[in-house]
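Please keep the structure open while reading.

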Amino acid sequence: VLLFAVLFGGILAGVEGWDFEQGLLYVLSNTLGLPNPLTQVNPTSHVGRSTSAIIGALAMSCVSAVMGAVGLFAVFTRLANPVAEPLGEMDLHQLSSGQS
C-alpha cells in the first residue's frame with residue numbers, strides 16, 4: 001500500500017501542483033478510506049479529478065489482491081503440505097535415475 005501511495009501520490013502531486021507530501025497523504029487517505037483525511041487538499045482540475053478516480057480504482061484492485069494473497073496463504077500451505085512432505089523424503093538420486 002505504501003509503495004502504491006508513493007508512486008501515485010507523486011503522480012497526482014505533479015498533476016495538481018502540490019508538494020509530494022500532500023500527494024502522498026491524499027492517496028493514503030483515499031486508499032485506506034479514512035473518515036478524516038490526512039491532508040486538506042483535493043484535486044481541483046479535470047485532469048486531477050480523473051487521475052484521482054483512476055488511482056482510487058487501482059488502489060482498490062491492488063489492496064484487494066494483496067489481502068486475498070495474504071488470506072489464501074494459509075490455505076495454499078495446507079494444500080501443499082501433503083504433496084511436499086512425501087517429496088522431501090525421497091532420495092534425489094532415485095528420482096534422477098527413474099527409480100522409486
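The expected span of a helix is 1.5 Å times one less than its number of residues. The model discussed here is predicted. Its chain has four helices and zero strands, in the order α-α-α-α along the sequence. Of the 100 residues in the chain, 24% are buried.

**Helix H1**

- H1 covers residues 2-16, and with 15 residues its expected span is 21 Å. From first C-alpha to last, H1 reaches 20 Å, close to that expectation.
- The buried residues in H1 are Phe4, Ala5, Phe8, Gly9, Leu12, Ala13 and Glu16. They lie on the same side of H1, because the arc they cover around the axis is only 150°.
- Leu3, Leu7 and Gly14 are exposed, on the other side of H1.
- Glycine 17 follows H1 and has a positive phi, near 80°.

**Helix H2**

- H2 has 13 residues, so at 1.5 Å a residue it should span 18 Å. The end C-alpha atoms of H2 are 18 Å apart, in agreement with this value.
- Gly23, Leu24, Tyr26, Val27, Leu28, Ser29 and Thr31 are the buried residues of H2.
- Glycine 33 comes after H2, and its phi is also positive, near 65°.

**Nonpolar core**

- In soluble globular proteins, nonpolar side chains tend to be buried together.
- The largest nonpolar core in this model has 13 residues. Those touching the most other members are Phe4, Ala5, Leu12, Trp18, Tyr26, Val27 and Ile55.
- Two or more residues of this core come from each of H1, H2 and H3. The largest contribution is that of H1, with five residues.
- Phe4, Ala5 and Leu12 are among the buried residues of H1, while Tyr26 and Val27 are among those of H2.

**Surface patch**

- Which residues form a nonpolar patch on the surface? They are Val1, Leu32, Leu34 and Leu38, and together they have about 340 Å² of accessible area.
- Leucine 34 sits in the loop between helix H2 (20-32) and helix H3 (46-89).
- Is leucine 34 buried, partly exposed or exposed? Its relative accessible area is 34%, so leucine 34 counts as partly exposed. The limits behind this label are under 20% for buried and over 50% for exposed.
- A patch member needs over 30% relative accessible area, and leucine 34 has 34%.

Notes
Residues numbered from 1 in each chain as written. Predicted model: local features only at pLDDT ≥ 70, side-chain atom pairs only at ≥ 80, totals over all residues. Heavy atoms only, no water. Patch = residues over 30% accessible without salt bridge, like charges linked within 9 Å, V, L, I, M, F, W, Y side chains within 5 Å. Areas by Shrake-Rupley, 256 points an atom, 1.4 Å probe, with all protein chains shown as cover. Salt bridge = Lys/Arg side-chain N within 4 Å of Asp/Glu carboxyl O. Buried < 20%, exposed > 50% of the residue type's maximum accessible area, 1.4 Å probe, protein only. Arc of directions from axis to C-beta. Core = buried A, V, L, I, M, F, W, Y, C linked by side-chain atoms within 4.5 Å.
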